[in-house]
Amino acid sequence: MKKKFVTMMVMVMATALWAIANDSEYYSVGNQLVPVQSTQISVMKEILTVNLTNDGVTHFDVYYEFRNDGPATDILMGFEAMPPKVSCFETRADAPHPSITDFQVKMNGTSLPYKNALSENGLQDGLHPVDIDQWVYNQDLETPVHISDASRYLQYAYVYYFNAHFRPGINVVHHTYAYKESNGVNQTFWIDYKLTPANRWANKRIDDFTLRITSNGISKHFAMNKAPFIGAKVETNVRYGTAKMRELTWGDIDDESARHNYYEVTMRDAVVEWHITNFQPQAELLLSSVDMMVINHQFLNYQSTTGEAFGESVYYDGGVNFVLTTDGKLTGNHALNQRIVRNLPYAARGYQFKNPQLKKFFNSQWWYMPNPNYNPEVERLFTPRERQIVKGTFNDFVP
């Protein structure tokens with residue numbers, strides 16, 4: 001029975017990473033800066049910083065060092081983002097992405113002006129502006145179709161493009177933007193970031209790549225797929241703050257095609273890094289909050305003889321929006337179970353429990369990291385969802 005429960009918990013996390021529910025909101029995806037035309041420019045270095053927040057917006061900061069081994073040259077560069085899930089089509093061919101804000105690019109210390117366009121098939125084979133007068137949104141198909149051929153669907157992306165002047169040698173590009181996080185029935189947030197477009201540069205790789213994830217002043221618990229790093233030697237490091245990381249596998253461990261490997265990370269006011277040299281991304285990056293609360297009556301229960309709760313794992317993120325038991329019912333019959341759930345926001349911040357039952361339970365959780373300096377009377381700062389959890393009305397919360 002214990003093995004069965006652990007398997008179920010891992011499947012919950014894997015579902016968050018590899019299955020997007022119908023009941024979800026997709027807003028955008030992060031991406032590399034790419035050359036719109038062929039080029040001899042190489043990517044020497046990239047530092048991708050993903051700043052997590054509790055306000056539903058992720059902030060990206062991307063630092064590049066490009067090498068130009070030839071004479072000075074001008075290159076058309078671009079950034080593409082897939083359209084959000086909407087019920088209409090754009091009325092402007094030069095519209096910015098509705099979920100992306102604060103888009104900025106600097107090259108060698110100078111801000112670059114950029115233009116917007118809708119481009120068919122994104123930037124896979126150059127910039128191809130969409131003639132919006134030739135397309136109409138089909139409500140049944142939930143996609144734009146051609147006005148003269150309803151079987152022709154429009155595949156497009158929002159594009160930000162600009163001219164970049166590369167002087168000989170090293171050129172520094174600093175790129176920042178923010179986008180609204182996607183979410184689903186099983187996740188408070190998920191974050192997509194396309195890494196493989198980096199292979200379009202001349203060296204077909206990133207010579208020195210760092211992924212940096214931050215949670216300034218907040219607690220975060222998420223899973224991240226390892227597929228982009230297949231075949232690479234990855235160095236991990238907690239650069240700052242309090243954090244833990246472990247590697248897990250879901251699926252058939254004997255069948256590589258049916259096996260999924262991922263990192264599980266719990267962090268509080270921290271910076272966590274992954275570093276790779278000669279990086280050739282094999283897949284896209286996906287982070288997903290681990291906030292589906294699963295309680296199994298057979299493993300988390302109130303014992304009349306001992307007065308203890310016992311359980312294997314309770315996965316928690318600051319955005320928990322519902323609680324599910326293995327039989328699909330809320331554990332409302334046991335006072336201790338209710339106390340555990342209502343104390344999750346305190347546990348995420350490292351509160352050191354005095355109650356022996358709560359102390360024993362949370363000390364058994366992998367993600368729990370005690371913080372002797374946390375004072376709940378001073379540093380409460382709960383999110384709206386967390387306030388509902390503390391009140392015991394978490395299942396009634398509507399974001």
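The legends below describe close-up views of one predicted model. Residues are numbered from 1 along each chain as its sequence is written, and side-chain values use heavy atoms, with hydrogens and water left out. Because the model is predicted, local features need pLDDT of at least 70 and side-chain atom pairs count only at pLDDT 80 or more, while totals for chains, interfaces and linings use all residues.

**View 1. Strand E20 and its buried residues.** Strand E20 covers residues 285–289; here helices (H or I, at least four residues) and strands (E, at least two) are DSSP runs, numbered from the N terminus. Five of its five residues are buried, so E20 is largely enclosed by the rest of the structure, where buried means under 20% relative accessible area, exposed over 50%, and partly exposed in between, with a 1.4 Å probe and protein chains only. In a regular strand the side chains alternate between the two faces of the sheet. In E20, Leu 285, Leu 287 and Ser 289 point one way, whereas Leu 286 and Ser 288 point the other way.

**View 2. The partners of strand E20.** Two strands pair if DSSP finds at least two bridges between them. Strand E15 (residues 187–193) pairs with E20 in the antiparallel sense over four bridges, and Trp 190 stands opposite Ser 288. Strand E17 (residues 219–225) also pairs with E20 in the antiparallel sense, over three bridges, and there the bridge partner of Ala 223 is Ser 288.

**View 3. An open sheet of four strands.** The strands follow the order E2-E5-E12-E8, with antiparallel pairing. Strand E2 (34–35) and strand E8 (115–120) stand at the edges with a single partner strand each, so one side of each is left without a neighbour in the sheet. Within this sheet, strand E5 (residues 73–81) and strand E12 (residues 156–166) are joined by nine bridges, and Ala 81 has Tyr 158 in E12 as its bridge partner.

**View 4. Asn 171 in strand E13.** Asn 171 lies in strand E13 (residues 169–180) and counts as buried, at 0% relative accessibility. Its side chain is joined to that of Asn 108 by a polar contact of 3.1 Å, a polar contact being a pair of N or O atoms within 3.5 Å; within protein, one must be able to donate a hydrogen and the other to accept it, and residues adjacent in sequence count only if both atoms are side-chain atoms.

**View 5. Tyr 374 in a loop.** Tyr 374 is found in the loop between helix H4 (356–363) and helix H5 (384–391), and Tyr 374 is buried, with a relative accessible area of 8%. Tyr 374 and Tyr 346 are 28 residues apart in sequence and 9.0 Å apart in space, C-alpha to C-alpha.
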